[in-house]
Amino acid sequence: MDCLFCKIVAGDIPSTKVYEDELVYAFRDIAPQAPTHILVIPKAHIASVAEVTPDNSHLVSRIFEVIPKIAEAEGLANGYRVVSNCGPDAGQTVGHLHFHILGGRELKLEMA
Ligand code: AMP
Ligand code: ZN
């Protein structure tokens, strides 16, 4: 499958790894929008939040167990934001489910 993040998981495209277990991979965003900008993804291909089902939701719950560990390791004691863009109107540019962790500066509330 021609998926950028599947290629990152496979090691075919380089990335700066932050965390890995048997289900989840996390790496630094190539174009950081904040001092800390990490992407957390399931190793298995899920296209977006819209494709989460009872069969794969354990991967999402694992991701949300991992996120606070990464945030702590990154020193984000003052808080952070978790974002997942789903579909064209949200500006999703990579069709493999990913959660952005953004922190290290005060983040404005940008709803649009
Ligand atoms: P989204 O726009 O929500 O789909 O997020 C995709 C994110 O992937 C963007 O923040 C990009 O900067 C990031 N990105 C794209 N290619 C790479 C790459 N090769 N390594 C790390 N991050 C990437
Ligand atoms: Zn993929």
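Reader: In this predicted model, which residue forms a salt bridge with Lys43, the closest N and O atoms being 2.9 Å apart?

Author: The pair links distant parts of the chain, with Lys43 lying in the loop between strand 3 and helix 2 and its partner in strand 1, 23 residues apart. Lys43 has a relative accessibility of 24% and therefore counts as partly exposed. The residue that forms this salt bridge with Lys43 is Glu20.

Reader: Which residues are linked with Glu20 in a network of salt bridges?

Author: Glu20 forms a salt bridge with Lys17, and the closest N and O atoms of that pair are 2.8 Å apart. Glu20 also forms a salt bridge with Lys43, where the closest N and O atoms are 2.9 Å apart. The residues linked with Glu20 in the network are therefore Lys17 and Lys43.

Reader: Is Glu20 buried, partly exposed or exposed?

Author: The cut-offs that matter here are under 20% relative accessible area for buried and over 50% for exposed, with partly exposed in between. The relative accessibility of Glu20 is 38%, so this residue falls into the class partly exposed.

Reader: How is Lys17 classed by its relative accessible area?

Author: Lys17 has a relative accessible area of 49%. A residue has to be over 50% to count as exposed, so the class of Lys17 is partly exposed.

Reader: In strand 3, what is the bridge partner of Val24?

Author: Strand 2 also pairs with strand 3, residues 36–42, in the antiparallel sense and over five bridges. Strand 2 covers residues 24–28 and is mostly covered, four of its five residues being buried. The bridge partner of Val24 in strand 3 is Pro42.

Reader: How many salt bridges does the count come to?

Author: The rule asks for a side-chain nitrogen of Lys or Arg within 4 Å of a carboxyl oxygen of Asp or Glu. By the rule, the number of salt bridges is seven.

Reader: What is the geometry of the site of the zinc ion (ligand 2)?

Author: The zinc ion (ligand 2) is coordinated by Cys3 (SG), Cys6 (SG), His45 (ND1) and His96 (ND1), at 2.0 to 2.3 Å. Four donors count as tetrahedral if all angles lie between 85 and 135 degrees. The angles among the four donor atoms are 106 to 116 degrees, so the site is tetrahedral.

Reader: What spacing do the donors of the zinc ion (ligand 2) follow along the chain?

Author: Cys3 lies in the segment before helix 1 and His96 in the loop between strand 4 and strand 5, so this pair, 93 residues apart, links distant parts of the chain. Cys3 is buried, with a relative accessibility of 5%, and His96 is buried as well, with a relative accessible area of 0%. The spacing of the donors is C-x2-C-x38-H-x50-H.

Reader: Leaving aside neighbours within four places in sequence, which residues is Ser48 in contact with?

Author: Ser48 is found in the loop between strand 3 and helix 2. Its relative accessibility is 7%, so Ser48 counts as buried. With those neighbours left aside, the contacts of Ser48 are Cys86, Gln92 and Leu97.

Reader: What distance separates the C-alpha atoms of Pro35 and Gly104?

Author: Pro35 is found in the loop between strand 2 and strand 3, and counts as exposed because its relative accessibility is 60%. Not counting residues up to four places away in sequence, Pro35 touches Gly103, Gly104 and Arg105. Pro35 and Gly104 are 69 residues apart along the chain, and their C-alpha atoms are separated by 5.1 Å.

Methods. Residues are numbered from 1 along each chain as its sequence is written. Chains are lettered from A and ligands numbered from 1 in the order in which they are written. This is a predicted model: local features need pLDDT of at least 70, side-chain atom pairs count only at pLDDT 80 or more; totals for chains, interfaces and linings use all residues. Side-chain values use heavy atoms; hydrogens and water are left out. Buried means under 20% relative accessible area, exposed over 50%, partly exposed in between (1.4 Å probe, protein chains only). Helices (H or I, at least four residues) and strands (E, at least two) are DSSP runs, numbered from the N terminus. Two strands pair if DSSP finds at least two bridges between them. Donors are N, O and S atoms within 2.8 Å of the metal (3.2 Å for Na, K and Ca); water is not among the atoms, so sites may look incomplete. Four donors count as tetrahedral if all angles lie between 85 and 135 degrees; four count as square planar and six as octahedral if opposite donors are over 155 degrees apart and all others between 65 and 115; anything else is irregular. Contact means heavy atoms within 4.5 Å.
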